[in-house]
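Here is a short note for a colleague opening this entry for the first time. Please keep the structure in view while reading the points.

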Amino acid sequence: MRQLTTMATDSDIITPSGRSLTSATRMTNARRLLIGARWFSSVFRPEFFPLLGFVVLFMFTYLSLLPWTLKGMILLIVMLGTIVMPRITIRYWRIARGWERRLLRLRQNRFFPYIIYLLYYAFTLHLLNRFHLPHYMSGILVASLIIQGSCILINTKWKISMHAAGAGGIVGALIAYSFIFFFNPLWWLSICILLNGAVGTSRMLLRQHDLWQVLAGSCLGIVGAFIGIFFF
């Protein structure tokens, strides 16, 4: 009897639902993984990255010496123009059409929301240019316009990951700023690449994109951000 007990494994213990403990554990771990992927995908949405770029500039460069009133005004304009107003507009447009939120995930239904973001980004860039900001600051929005516009064109024929493109934009922006400010970005670059991989993995776990769509989005974001910040 003792020998039989010793030989027993987790899979021999049956839960009231009829599953073995091993199966139940696997189901729980998979559920937690999906919850984590949804959370990660929601926190690191592509429209958050322009605001994040300005926050980083105001914290880690000589732009931290600017008056708080000016920095606050710029951040408010960026937040309203790249996050708040586009989301409000798209929400009321979706309600007017009688669509559920999940319908916006379909590739054929993404064209109008992308156009809305492009228009708001362009208007926000116009407002910031009235402050006569350095090109490497307004370049964040130029990079966002390049990435968004490229994704719109690609999505007419093939689905590409906007989340991965936004995360890749952080990598490209960091490389561009390392050339502009002459610093070694190794450690920050490692963190940003890890973040990019985590965002892409979360999109694949949620079955929103496959590997090639994520890789294409990341490459597009890196190249688009570097061009928009360094050359414009």
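**Notes on the model**

1. Start at the chain end. Phe 232 counts as exposed, because its relative accessibility of 53% is over the 50% cut-off. Phe 232 sits in the segment after α9. This is a predicted model.

2. What does Phe 232 touch, leaving out residues up to four places away in sequence? The partners are His 135, Val 142, Ile 146 and Ile 227. The C-alpha atom of Phe 232 is also 8.8 Å from that of Ala 143. Along the chain, Phe 232 and Ala 143 are 89 residues apart.

3. Now the overall plan. The protein has nine helices and zero strands. Read from the N terminus, its elements run α-α-α-α-α-α-α-α-α. Of its 232 residues, 42% count as buried. Take the contacts between residues at least 6 apart in sequence: 72% of them join residues at least 24 apart.

4. Two helix pairs deserve a look. Two packed helices are described by the angle between their axes and the distance between the axes. For α6 (residues 135-155) and α9 (residues 211-231), the axes come within 7 Å and cross at roughly 140°. The crossing of α6 and α9 is right-handed.

5. Which residues of α6 and α9 make this contact? On the α6 side they are His 135, Tyr 136, Gly 139, Ile 140, Val 142, Ala 143, Ile 146, Ile 147, Ser 150, Cys 151 and Ile 154. On the α9 side they are Leu 220, Gly 221, Gly 224, Ala 225, Ile 227, Gly 228 and Ile 229. By class, the contact of α6 with α9 has twelve nonpolar residues, six polar and no charged. Several names return from point 2: His 135, Val 142, Ile 146 and Ile 227 also touch Phe 232.

6. The second pair is α7 (residues 162-181) with α8 (residues 186-205). Their axes come within 8 Å and cross at roughly 170°. That makes α7 roughly antiparallel to α8. From α7, the contact residues include Ala 164, Ala 167, Ile 170 and Leu 174. From α8, they include Trp 188, Leu 189, Leu 195 and Arg 203. The contact of α7 with α8 divides into twelve nonpolar, three polar and one charged residues.

7. Check the backbone in two loops. Most residues other than glycine have a negative phi, and most peptide bonds are trans. His 132 is not a glycine, yet its phi is positive, at about 55°. His 132 lies in the loop between α5 (111-129) and α6. Phe 182 has a positive phi too, near 55°. Phe 182 belongs to the loop between α7 and α8.

8. Are His 132 and Phe 182 buried or exposed? His 132 counts as exposed, at 72% relative accessibility. Phe 182 also counts as exposed, at 74%.

9. Finish with Asn 155, a residue of α6. Asn 155 is buried, because its relative accessible area of 6% is under the 20% cut-off. A polar atom of the Asn 155 side chain lies 3.4 Å from the backbone nitrogen of Ile 160.

Note on methods
Residues numbered from 1 in each chain as written. Predicted model: local features only at pLDDT ≥ 70, side-chain atom pairs only at ≥ 80, totals over all residues. Heavy atoms only, no water. Helix = DSSP H or I, 4+ residues; strand = E, 2+ residues; numbered from the N terminus. Buried < 20%, exposed > 50% of the residue type's maximum accessible area, 1.4 Å probe, protein only. Polar contact = N/O pair within 3.5 Å; in protein donor to acceptor, adjacent residues only side chain to side chain. Axes fitted to C-alpha atoms, helices over the stretch in contact; angles between N-to-C directions. Left-handed = near helix turned anticlockwise from the far one by under 90°. Contact = heavy atoms within 4.5 Å. Nonpolar A, V, L, I, M, F, W, Y, C, P; charged D, E, K, R; others polar. Parallel < 35°, antiparallel > 145°, perpendicular 65-115°, else oblique.
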